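Welcome, and thanks for stopping by. Let's walk through this model together, one question at a time.

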Amino acid sequence: MRNGVGKTTTMRAVMGILRPVRGEIRWRGHPAGLADRLRFGYMPEERGLYPQMRVADQVTYFGRLHGLDRAGARDAAHEWIGRLGLAGREPDRLVALSHGNQQRVQLAVALVHHPELLVLDEPFAGLDPAAVDALSGILRGEAGSRTAILFSSHQLELVERLCDRVVILEEGHMLAAGTLGELRARLPRRLRVKAGGPPGWAGTLPGAAVAREDADGVLLVLRPGADTQAILRAAQAAGPVEHFGFECGGLADVYRELVPA
Amino acid sequence: MSREIAERLRGRLIWVMTALTAVAVAAIIVIPTLLRQPARPAVVGLVGARAQALAPALRAAATAATAATAATAATAATAAKTDVRTVRIASAASARARVKSGALDAALSVGQDAAVALASQSVSPTLTAVLQSVVDQAHLRQVLAAAGVPPGTAARALAPVPFSVTALQRGPIANPARATAALAAGLLLYLSLGIYGAAVANGVAQEKTSRTAELLLATVRPGQLLAGKVAGVGLCGLGQLGVAVAAGLVANAAVQRAQIPATVWVLLPALLLWFALGYAMYSFVFAAAGAMVARQEDVQLLTLPVAIPIIVGFLLVYITIATPNAWWIAVLSFLPPLAPILMPARIALGPVPACQLVANVAIMIVSIYGLGRLAARIYAGAIVRGGARLTWLGALRLRGSV
């Protein structure tokens, strides 16, 4: 999704920070109220923590804000600080930590009260692959323990790997929503053909347009009713055919298809 | 409710700095008290036999002068003391040298027709009057004796007429203790309203720019966040004010600088009450200002208009001290922005009718309620709104969040 389409605004509405002009936020079949929101965990795009507060104090504080009692909050904070690899950094003030560690504290704050819904705004932005894997692991673990996770990202390959359902937003509207399979099904069929002939042989095929031409051959986008056998014959005529097969589109292709450039 | 308490935890992080500031304030009160030297008596050198003969008369006259001014002074301690110590000086040259060195305040020499008091730069008006009257009396005594008046009659004639000053109204000039108290009260309120108001504004601005507010608002309503911040900083402020006042009183008692007039026991609760009222009102407005910033640096710009009435109030305290009973001062002290500073000053300078006190408090409470609601609306709308710094009009038009 592009910037400014409204994903942050949507998340803020979910968390109750903004009031929607139209429509409502519903959770488990009823309109979401403050009691429900206390069971949500939130990680905004920009780190929103007190810079001078100590790590352990900060996580405990937010735990208490979410309804845990003092002892429970302290224990939960301790647990999550350990699970996220920050053991030993508890007495440090937030500003003393590296960016990566600060983000882990942010995550701890979101998770400390074992939320039912986790809302993360661009959690993978700026992370190196190792950190991405670590965060993905944590999220998968939480999802496995029946926590619902809502996150936004520009990195579509990541979204494909992690998500069950996807929503694509554009300029404040929902363009598409569904499982990956459902979204892919909306794509036109694609054919990848690698033939030994001169490049450009596929330029005038009926019912097909060339989407890409690279070292792996030609990617053709088929219009409905295209004659695949005719394309095969054309490829054979051009030269020996090494590869001829349908190719599933990815989320990026879905996005390109839906969002005018 | 526990969230409000937890929010107040924020105030405790400033606790260390607050304690330090409290100590500094106490020190400011104590140190000058310790360093102030007690008023020392004037030293008058008497040159020559005629001058030296006047020594006892001089000391008696000084005591009388003190007694006269005591009638209109608030306390014996603040009455203008004119203690005189007399020293016999052998020669004029030695007198000159000692006056020049400061050992003598004045050197009196009495000649046949004139008397001269030698001073390094000037002699205080009171001392001059005393010296003059003593010299005049001596001269009269001489003349009367030469004219053959019996010593008893002469003594009766020359005995000073009992003279005292009765004041119709205890004006502030004759009550330096009250004036000091009024000024101290005004200064304390000006400083604490300014400092704690700014603390609230800065805290709110920091929470906005660091997006902490966003995270907090997921769990608490904006009104709770606002109330928590105001209460947290306010309690710190009240505590520090109390500590500073207590430190001042203790220091004063220890050094016995000035006897505390009885009105102080009325002034202290008044000080704390109007600080609480004034802070409650101003802090809401400061918080709203803090919520309107785009960057932390905007805070100063936005809080300036809020601080102006506080400054004006403090300047008016000076005028109040000069004319405490002016009707327009009384009227101004009912304006909510000026009341917190002017009312304690008025109370320090003299009793204020109870109905005025009650009315003032009532007006303040209504203002706090009204401004609080307005500020909460601005706060709720502005605190999560990113982008450019808001103007006051723009902020008022915002629709609130949850």
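## A guided tour in questions

Visitor: How many helices and how many strands does chain B have?
Guide: Happy to start there, with the reminder that this is a predicted model. Chain B has 16 helices and four strands.

Visitor: What share of the residues in chain B is buried?
Guide: A residue is buried if 20 or more other C-beta atoms lie within 10 Å of its own. Chain B has 402 residues, and the buried part of them comes to 35%.

Visitor: And how many helices and strands are there in chain A?
Guide: Chain A has 261 residues, of which 30% count as buried. As for its elements, chain A has 10 helices and 11 strands.

Visitor: What percentage of the contacts in chain A with a separation of 6 or more is between residues 24 or more positions apart?
Guide: Let me give you both chains. In chain B, residues 24 or more positions apart account for 76% of the contacts with a separation of 6 or more. In chain A, the corresponding figure is 66%.

Visitor: Over which residues of chain B does pLDDT stay under 50?
Guide: Chain B averages a pLDDT of 75, and 74% of the residues score at least 70. Where pLDDT is low, the predicted coordinates should not be read in detail. The model has 27 contacts beyond four places in sequence for the stretch in question, which is residues 71-80 of chain B.

Visitor: What ipTM does the predictor give the complex?
Guide: Two scores come with the complex. The pTM is 0.67, and the ipTM is 0.71.

Visitor: Which element gives the most to the side of chain A that touches chain B?
Guide: The contact takes 23 residues from chain A and 17 residues from chain B. On the side of chain A, the elements that give two or more residues are β3 (40-43) and α3 (55-65) of chain A. The one that gives the most, with three residues, is α3(A).

Visitor: How many nonpolar residues does the side of chain A that touches chain B have?
Guide: Let's go through the classes on that side of the contact. There are six charged and four polar residues, and the nonpolar ones number 13.

Visitor: Are α3(A) and α4(A) parallel or oblique to each other?
Guide: Helix α4 of chain A covers residues 70-83, and its axis is 8 Å from that of α3(A), at an angle of about 125°. Angles of 65 to 115 degrees count as roughly perpendicular and those over 145 as roughly antiparallel. With that angle, α3(A) and α4(A) are therefore oblique.

Visitor: What handedness does the crossing of α3(A) and α4(A) have, and how many nonpolar residues are in their contact?
Guide: α3(A) passes α4(A) in a right-handed crossing. Among the residues that make the contact are Val55(A) and Val59(A) of α3(A), and Trp80(A) and Ile81(A) of α4(A). By class, the contact has three charged and two polar residues, and its nonpolar residues number eight.

Visitor: How do α6(B) and α7(B) run relative to each other, and what is the reason?
Guide: Helix α6 (residues 125-146) and helix α7 (residues 151-158) of chain B have axes that come within 10 Å and cross at roughly 150°. Angles over 145 degrees count as roughly antiparallel. Therefore α6(B) and α7(B) are, relative to each other, roughly antiparallel.

Visitor: Which residues of α7(B) make the contact with α6(B)?
Guide: The crossing of α6(B) past α7(B) is right-handed. From α6(B) come Gln137(B), Leu140(B), Arg141(B), Leu144(B) and Ala145(B), and from α7(B) come Ala154(B), Ala157(B) and Leu158(B).

Visitor: Is Tyr282(B) buried or exposed?
Guide: Tyr282(B) lies in helix α11 (residues 264-291) of chain B. It touches Leu193(B), Gly197(B) and Val306(B), not counting residues up to four places away in sequence. Because Tyr282(B) has 27 C-beta neighbours inside 10 Å, this residue counts as buried.

Visitor: In which loop is His114(A) found?
Guide: Most residues other than glycine have a negative phi. His114(A) has a positive phi, near 50°, and is partly exposed, with 16 other C-beta atoms within 10 Å. The loop that holds His114(A) is the one between α5 (99-111) and β4 (117-121) of chain A.

Notes
Residues are numbered from 1 along each chain as its sequence is written. Chains are lettered from A and ligands numbered from 1 in the order in which they are written. This is a predicted model: local features need pLDDT of at least 70, side-chain atom pairs count only at pLDDT 80 or more; totals for chains, interfaces and linings use all residues. Axes are lines fitted to C-alpha atoms, for helices over the stretch in contact, and angles run from 0 to 180 degrees between N-to-C directions. Angles under 35 degrees count as roughly parallel, over 145 as roughly antiparallel, 65 to 115 as roughly perpendicular and the rest as oblique. A crossing is left-handed if the near helix is turned anticlockwise from the far one by less than a right angle, and right-handed if clockwise. Two residues are in contact if their C-beta atoms, placed from the backbone, lie within 7 Å. pLDDT is the predictor's confidence in each residue, from 0 to 100. Ala, Val, Leu, Ile, Met, Phe, Trp, Tyr, Cys and Pro count as nonpolar, Asp, Glu, Lys and Arg as charged, and the others, Gly among them, as polar. A residue is buried if 20 or more other C-beta atoms lie within 10 Å of its own, exposed if 12 or fewer, and partly exposed in between; C-beta atoms are placed from the backbone.
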